[in-house]
Amino acid sequence: MKTPEGLNDKQKDQYQEAWLDTLRTFIFGAKTILFFVFAALLYIPLEDDIKNLFKEKQEVKVTTNRSTEKDEDYDRVENGIHVQTGFVVAPGFDEVRANCTVCHSSKLVTQNRATREGWEQMIIWMQEKQGLWDLGDRKPIILDYLSTHYAPIKKGRRDNIDIAEVEWYILDLENTD
Ligand code: HEC
């Protein structure tokens, strides 16, 4: 190392000492920076693992709960009625569930009643106007199912009175001769 001209020995020593100090500080700084760079490089590929280390337990629990609840609901049947859709469980149920709950609620199906021809008309209408696909072999199965379990109810009595349509009249109790 070169020391400036015209210094006595003590001054030269002091100069060198000061210079070495600067060098040490610089090396320490460089080491610190390198440490963080390596830490960062190590962290990037392990990022997911490190995060999972803290998350894993909680997440696993949540997913197990959710999936068991869903599975139970998905196939639960009470009194012959599939709970989630309200469909009667009988031959054809699987085909109807698979094809008739895609665009609308199963309630739209279960609240309707029709003869086999009536159901076929609705299916044809949905195929022509609503983009319902060709049901192929499943069509007779679906029609059998619908016309068996959602047939028109035979009425043993008159229709309910439609209150809004009735013309009410006032009883005149005083002139009843
Ligand atoms: C591609 C979509 C789609 C599929 C699949 C579908 N529907 Fe529909 N369906 C509709 C649309 C759209 C309507 C009209 C909905 C509305 O009025 O809100 C409808 C209405 C209905 C109605 C009510 C009709 C009325 O006159 O009020 C019934 C019943 C019905 N669908 C039964 C079925 C059955 C049974 C199947 C299975 C074979 C089925 N749908 C599959 C689209 C579909």
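## Around the ligand and its iron

Helix H4 gives the largest share of the shell around the ligand, 4 residues. Helices here are DSSP runs (H or I) of at least four residues, numbered from the N terminus. This is a predicted model, in which local features need pLDDT of at least 70 and side-chain atom pairs count only at pLDDT 80 or more, while totals for chains, interfaces and linings use all residues. Residues are numbered from 1 along each chain, and side-chain values use heavy atoms, without hydrogens and water.

Now to the shell itself: 17 residues surround the ligand (a heavy atom within 4 Å), and Cys100, Cys103, His104, Met126 and Gln130 are the closest. These elements each give two or more residues to that shell:

| Element | Residues |
|---|---|
| helix H2 | 93–100 |
| helix H3 | 106–110 |
| helix H4 | 116–129 |

What are the protein donors of the iron atom of the ligand? They are His104 (NE2) and Met126 (SD), 1.9 to 2.0 Å from the iron; donors are N, O and S atoms within 2.8 Å of the metal (3.2 Å for Na, K and Ca). This pair joins distant parts of the chain, 22 residues apart: His104 is in the loop between H2 and H3, Met126 in helix H4.
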